[in-house]
Every structure is written in C-alpha cells, then in structure tokens.
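Student: Can you walk me through this one? I have the files open.

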Amino acid sequence: MSLRITEPNSQEGKEHLLVAHMDNARVLSTILKTVQFRELATCFLSATGFKVTVEQAKCVQANAFIQAAMFQLYSYNDDKLCVFRININALIECLSIFGGSGGYESRTALKMYYDGHGNPLRLLLEENGVITDCSIQTLEPDETLDFDFTSANVSNKIIMKSECMKEAFSEIDLTSDILEIIMSPSHPFFRLATYGDTGNTQFDYPKDSDMMEVFECQQTQSNRYKLSLLKPSVKALNQSSKISVRMDKRGFLSLQYMIITDNQQVCFVEYLCVPDEQEKEQS
C-alpha cells in the first residue's frame with residue numbers, strides 16, 4: 001500500500017534532509033515501544049538509518065537501531081550526523097493514531113519528513129483512504145552518556161534464544177531491589193538471581209543447553225544491577241527471538257535483543273546498564 005498524498009514542500013524549495021516511507025507504521029512503533037520508558041529520546045539520523053536513545057539516572061541507556069532497509073524508501077541528504085531530541089510518547093501516539101481500527105490485517109502507511117535543525121518531524125499517515133498529518137516539535141539535543149562499552153573489553157558473552165529469558169523474567173521476584181548476574185566458564189555458567197521478601201530465586205543455564213547458541217566466558221564475574229533499571233528492557237525481550245548478554249571488565253552490562261519485525265527485517269535493541277556500586281561495596 002502506498003500513500004496517496006502530495007509530498008510537502010521543504011522550506012525555500014530545498015530538499016528535505018530526511019524522507020522515509022514505510023508501508024506499515026506499526027513496524028516502527030513496535031520498535032520504539034521497546035525503549036519507551038522516559039518522555040524524551042535522542043534521535044541520531046544518518047544515511048544508514050537512525051538510532052533512538054533513551055536514558056535514565058545516568059545508569060541505563062537504551063538504543064534502538066532502525067536501519068534504512070526497514071523502510072521502502074529512505075533518503076538522507078547529508079554526509080554528517082543530525083541529532084535532535086523528541087517526545088517519544090508523542091511520536092508513538094502519532095504512529096498509532098489509527099489504533100488498528102481497521103482490524104489486525106489493516107496497515108497504516110507512513111511518510112516521514114525532516115528538514116533539519118529547528119524544524120518539526122512531520123508524519124503523514126494513511127489508512128483506508130483516511131490521511132492524518134502530524135507535526136512533532138524537535139528539541140536541542142543533550143549530551144548522551146558514553147558507556148565506553150567496547151568488544152575489546154568484554155570478558156564474558158553469551159547468545160541464547162529469548163524463550164527461557166522471557167520465562168525467567170516473568171517469574172522474577174519483583175520485591176527484590178537487585179538482579180544478580182553470574183557468568184562463569186564453570187558451574188553455574190550463567191545464573192540470574194533475585195533476593196526478595198519471599199526468599200531467594202535463581203535461574204541457571206548450562207553452557208550446553210539447547211537454548212544456548214554462543215558461550216564465551218573467560219572468567220567468573222558476579223555483578224548486581226538495580227532491577228528497576230532493567231525492568232524496561234523486558235519490552236524488548238518480549239519482542240525478541242535472541243538475546244546477547246555481555247559483561248565487560250568493569251561489570252558494565254550489555255543486553256542486545258534481536259527482533260524480527262512484521263516485515264521480516266532484523267532490528268537490534270540494546271540496553272546498557274552500570275553495576276550497582278552500593279551492592280558491590282556491601283558484598
């Protein structure tokens with residue numbers, strides 16, 4: 001399905017900085033919802049696609065990587081990165097404006113335009129011949145956190161199917177303040193543990209489990225993370241088919257989720273989280 005609308009004119013006859021067309025706006029809204037835990041997000045536009053970053057308390061950062069290939073048309077007319085902040089709640093609300101009123105099989109087509117610094121992000125959405133024009137104010141970007149999380153400093157890494165992690169997070173004791181993650185070349189290999197009001201719970205995953213696809217652990221690491229910071233990542237987990245768990249030498253945690261979208265494109269969402277230093281000092 002294609003939009004039957006006229007393209008808006010950019011200012012002073014210049015080309016739009018960004019033009020992006022997508023046959024199914026739900027693909028984009030589903031990805032954005034996986035990082036929707038604060039009001040404002042920072043968008044990084046480039047020729048290869050864009051990244052949406054959301055942060056909290058200088059302790060957790062979520063990044064949704066939306067590749068140009070996810071769109072039926074993606075045109076970015078600059079060789080430099082463009083950065084702005086936007087209200088992610090408003091963006092998702094606009095993308096979902098038709099609310100699936102035409103049934104599950106109905107699709108909302110999307111055309112998205114951006115004309116550069118100081119301009120709004122414009123969305124044109126069409127479903128069953130009805131067209132909606134949305135304009136969302138963009139804001140000056142704040143500096144985002146640099147976790148300096150590099151592959152060279154990764155001590156332990158696993159890749160596993162998401163099914164078992166979904167089960168674990170559905171059973172985790174939410175009265176626990178922290179989630180302990182143990183990664184080790186020997187038993188227990190990979191363990192999730194919580195310490196709540198009703199007692200302690202733990203989930204162990206052996207390295208030869210059918211769910212485990214990659215197991216690369218060089219040393220035993222045990223770190224604790226505030227569960228409240230990791231709860232938003234469950235949105236990404238529930239949409240994913242695989243998850244990569246990495247820990248660097250400082251105990252910083254990377255949770256990377258591979259998501260297969262409705263249009264069969266592969267998308268990645270990553271959560272970065274710092275260990276709970278207070279818990280470290282007490283242990």
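Student: What should I know about the model and its numbering?

Tutor: This is a predicted model, so local features need pLDDT of at least 70 and side-chain atom pairs count only at pLDDT 80 or more, while totals for chains, interfaces and linings use all residues. Residues are numbered from 1 along each chain as its sequence is written, and side-chain values use heavy atoms, with hydrogens and water left out.

Student: OK, how many salt bridges does a search of the whole structure find?

Tutor: Nine. A salt bridge here is a side-chain nitrogen of Lys or Arg within 4 Å of a carboxyl oxygen of Asp or Glu.

Student: Which residue does R224 form a salt bridge with?

Tutor: R224 pairs with E180, and the closest N and O atoms are 3.6 Å apart. R224 is in strand β16 (residues 221-226) and E180 in strand β12, so the pair ties together parts that are 44 residues apart in sequence. Strands (E, at least two residues) and helices (H or I, at least four) are DSSP runs, numbered from the N terminus.

Student: Is E180 buried or exposed?

Tutor: Buried, at 11% relative accessibility. R224 is partly exposed, at 25%. Buried means under 20% relative accessible area, exposed over 50%, and partly exposed in between (1.4 Å probe, protein chains only).

Student: And what does D276 form a salt bridge with?

Tutor: K226, with the closest N and O atoms 3.7 Å apart. D276 sits in the loop between β19 and α6 (277-282) and K226 in strand β16, so this pair links parts that are 50 residues apart in sequence. D276 counts as buried at 9%, and K226 as partly exposed at 35%.

Student: Switching topic. What volume does the largest pocket have?

Tutor: About 310 Å³. Of its 16 lining residues, the closest to the centre are L40, V54, E55, Q56 and D142. On a 1 Å grid over the protein atoms alone, a pocket is an open set of points where a 1.4 Å probe fits, with protein on both sides within 12 Å along at least five of seven lines; lining residues have an atom within 4 Å of a point. The volume is the space filled by probe spheres set on the points, which are joined across faces, edges and corners.

Student: Which strand gives the most to that lining?

Tutor: β3, with four residues. β2 (40-46) and β3 (49-56) each supply at least two.

Student: Backbone next. Where is the cis peptide bond?

Tutor: A cis bond joins H187 and P188, with omega about 10°. P188 is in the loop between β12 and β13 (190-196).

Student: What is the phi of D148?

Tutor: Positive, about 50°, although D148 is not a glycine. D148 is in the loop between β10 (138-139) and β11 (154-161). Q264 also has a positive phi, about 65°, and lies in the loop between β18 (253-260) and β19. Most residues other than glycine have a negative phi.

Student: Last one: which residues make the nonpolar surface patch?

Tutor: I260, V266 and F268 make a patch of about 220 Å². Patches take residues with over 30% relative accessible area and no salt bridge, nonpolar side chains (Val, Leu, Ile, Met, Phe, Trp, Tyr) being joined within 5 Å and like charges within 9 Å. Areas come from the Shrake-Rupley method with a 1.4 Å probe; for residues, only the protein chains shown count as cover. V266 is in strand β19 (residues 266-273) and is partly exposed at 37%.
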